[in-house]
Amino acid sequence: MTKEKLALAIIERMKKEYPDAGCTLDYNQAWKLLVSVRLAAQCTDARVNVVVQDLYARFPDVASLAEAPVEEIEAIVKPCGLGRSKARDISGCMKIIQEEYEGKVPDDFDALLKLPGVGRKSANLIMGDVFGKPAIVTDTHCIRLVNRMGLVDGVKDPKKVEMALWKLIPPEEGSDFCHRLVYHGRDVCTARTSPHCDKCCVSDLCGKNI
Ligand code: SF4
């Protein structure tokens, strides 16, 4: 089977297995996803979802967060780890959004990439989830799973994986597929234990490159 056909077959299986898979970070406005994505580096989404409640209680909008002292942001986001750099990036992001984009997150991939602390993974997540645009989010689950499945061969660099997947996955499927990989990676094709291939919905398709 070609990699293109394999990708389409896996996408269909994943749709059936995880019909409602979506972003596990809670947000109701674009700027909040930007904040949460930065906090989620080396932290669980569950913890981020708790910490941001304190942050938004104190700073409820882009303008107030843009003006907030970095030390105050740091004190609140510290439980997510890397408090200083995350606070600095969040502050920098909110300032730019407030000053250059009238308080609105830009719906432009390259503009997002220029924001402090925003890499391709985060920019893709925002393009896909907030703006409904084509997106490939190559997080740790995605990279591990597409290698195991045989969609890429020994490619670990996030950007290279992203570029390889753009050639295999229909653009409109990318965002949801990556969310489903996260669910599958947490529950079945796990990182810290042996993958549970016996209860995997793509077991007959997968290259099992473990
Ligand atoms: S068959 Fe095994 S290695 Fe392949 S995706 Fe499923 S759990 Fe992962």
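**Ground rules.** I am working from a predicted model, where local features need pLDDT of at least 70, side-chain atom pairs count only at pLDDT 80 or more, and totals for chains, interfaces and linings use all residues. Residues are numbered from 1 along each chain as its sequence is written, and side-chain values use heavy atoms, with hydrogens and water left out.

**Cavities.** I looked for cavities, meaning sets of points on a 1 Å grid over the protein atoms alone where a 1.4 Å probe fits but cannot get out. Points are joined across faces, edges and corners, and a volume is the space filled by probe spheres set on them. I got 2 cavities of 30 Å³ or more.

**Largest cavity.** It holds about 100 Å³ of space. I listed 14 lining residues (those with an atom within 4 Å of a point), and Cys189, Pro195, Cys197, Cys200 and Cys206 lie nearest the centre. The lining splits into 9 nonpolar, 3 polar and 2 charged residues.

**Second largest cavity.** This one has about 30 Å³ of space. Its lining is Leu34, Val35, Arg38, Asp89, Ile90, Cys93 and Met94. Helix H2 (30-39) and helix H6 (83-100) are the elements giving two or more residues to that lining, and H6 gives the most, with 4. Helices here are DSSP runs (H or I, at least four residues), numbered from the N terminus. By class I noted 5 nonpolar, no polar and 2 charged.

**Gly150.** I found Gly150 in the loop between helix H9 (140-149) and helix H10 (158-166). Is Gly150 buried or exposed? Gly150 counts as buried because its relative accessibility is 11%, and the cut-offs are under 20% for buried, over 50% for exposed and partly exposed in between (1.4 Å probe, protein chains only). Leaving out residues up to four places away in sequence, Gly150 touches Lys3, Leu6 and Asn209, with contact meaning heavy atoms within 4.5 Å.

**Positive phi.** Most residues other than glycine have a negative phi. I noted Gln42, with phi near 55°, in the loop between H2 and helix H3 (45-58). Gln42 counts as exposed, at 74% relative accessibility. I also noted Glu102, with phi near 50°, in the loop between H6 and helix H7 (109-113). Glu102 counts as exposed, at 71%.

Conventions: On a 1 Å grid over the protein atoms alone, a cavity is a set of points where a 1.4 Å probe fits but cannot get out, and a pocket is an open set with protein on both sides within 12 Å along at least five of seven lines; lining residues have an atom within 4 Å of a point. Ala, Val, Leu, Ile, Met, Phe, Trp, Tyr, Cys and Pro count as nonpolar, Asp, Glu, Lys and Arg as charged, and the others, Gly among them, as polar.
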